[in-house]
Each structure stands twice: as C-alpha cells, then as structure tokens.
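Subject: Handover of a structure

Dear colleague,

Please find below the structure that I am handing over to you.

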Amino acid sequence: ACLKGPARFTVLQPEKVAKNAIDGMLAKKRRIIPGLMNRIYFHASTFIPEFIQQLFIENAFSHVKNQKY
C-alpha cells in the first residue's frame, strides 16, 4: 500500500467495503463507515482540530509527493 503509519490500516478490500455498504443500506443505516479504524478516525475528527488532521494526512502521504506515475 502507498500509505504509511496508522493510515495504512484504513485500506480495505473492495469486496468487504461493498458487503458493508449493502448490509448497511438494507439495515436502513444513514451513515455507513466500513472498517474499525475508519470509524475511529471519523468520530475523532469531530473533536480534533482541522490543522492537526491536516498534519496526519500530510504525513501519511508525504512519500507520495515525489513519485512519478
């Protein structure tokens, strides 16, 4: 995976995401967030200041800046 640090735990298999989405839709859930780490990050984002969130994001993708595709 391209991510480093804790962010790498947010990457899920598409099949698992699709199953969670369909199960959530059938259960009439208003919000579906697949993956434990993704749910933790989502709820934490409500009380962590945006500039700190930005630092986490920049750190997770810092090695991608100089890659050529």
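Which residues does Gly-24 touch, not counting residues up to four places away in sequence? They are Lys-29 and Ile-32, where touching, or contact, means heavy atoms within 4.5 Å. The place of Gly-24 is in helix α1. From Gly-24 to Pro-34 the separation is 10 residues in sequence and 9.5 Å in space, C-alpha to C-alpha.

Before the remaining findings, a note on the basis of the work. This is a predicted model, in which local features need pLDDT of at least 70 and side-chain atom pairs count only at pLDDT 80 or more, while totals for chains, interfaces and linings use all residues. Residues are numbered from 1 along each chain as its sequence is written, and side-chain values use heavy atoms, with hydrogens and water left out.

Confidence is expressed as pLDDT (the predictor's confidence in each residue, from 0 to 100). The protein averages a pLDDT of 84, and 81% of the residues score at least 70. Helix α1 has the highest confidence, at a mean of 94, and helix α3 (residues 50–61) the lowest, at 85.

As to the overall architecture, the protein has 3 helices and 0 strands, and its elements run α-α-α from the N terminus on. Helices (H or I, at least four residues) and strands (E, at least two) are DSSP runs, numbered from the N terminus. Of the 69 residues, 14% count as buried. Among contacts with a separation of 6 or more, 56% are made by residues 24 or more positions apart. The protein exposes about 6,000 Å², of which carbon and sulfur atoms supply 63%; accessible areas come from the Shrake-Rupley method with a 1.4 Å probe, and for residues only the protein chains shown count as cover.

Helix α1 deserves a separate paragraph. It has 13 residues and reaches 18 Å from its first C-alpha to its last, close to the 18 Å expected at 1.5 Å a residue (the expected span is 1.5 Å times one less than the number of residues). The structure holds 1 salt bridge, defined as a side-chain nitrogen of Lys or Arg within 4 Å of a carboxyl oxygen of Asp or Glu. The side chains of Lys-19 and Asp-23 form this bridge, at 2.6 Å from N to O. Both residues lie in α1, 4 residues apart, about one turn of the helix. Lys-19 counts as exposed because its relative accessibility is 51%, whereas Asp-23, at 37%, counts as partly exposed.

Ile-22 also belongs to helix α1 (residues 14–26), and its 46% relative accessibility makes it partly exposed. Together with Met-25, Leu-26 and Ile-32, Ile-22 makes a nonpolar surface patch of about 400 Å². Patches are made of residues with over 30% relative accessible area and no salt bridge; like charges are joined within 9 Å, and nonpolar side chains (Val, Leu, Ile, Met, Phe, Trp, Tyr) within 5 Å.

Finally, Lys-28 lies in the loop between α1 and α2 (36–44). Although Lys-28 is not a glycine, it has a positive phi of about 60 degrees. Lys-28 is exposed, with a relative accessible area of 73%.

With kind regards

Methods:
Buried < 20%, exposed > 50% of the residue type's maximum accessible area, 1.4 Å probe, protein only.
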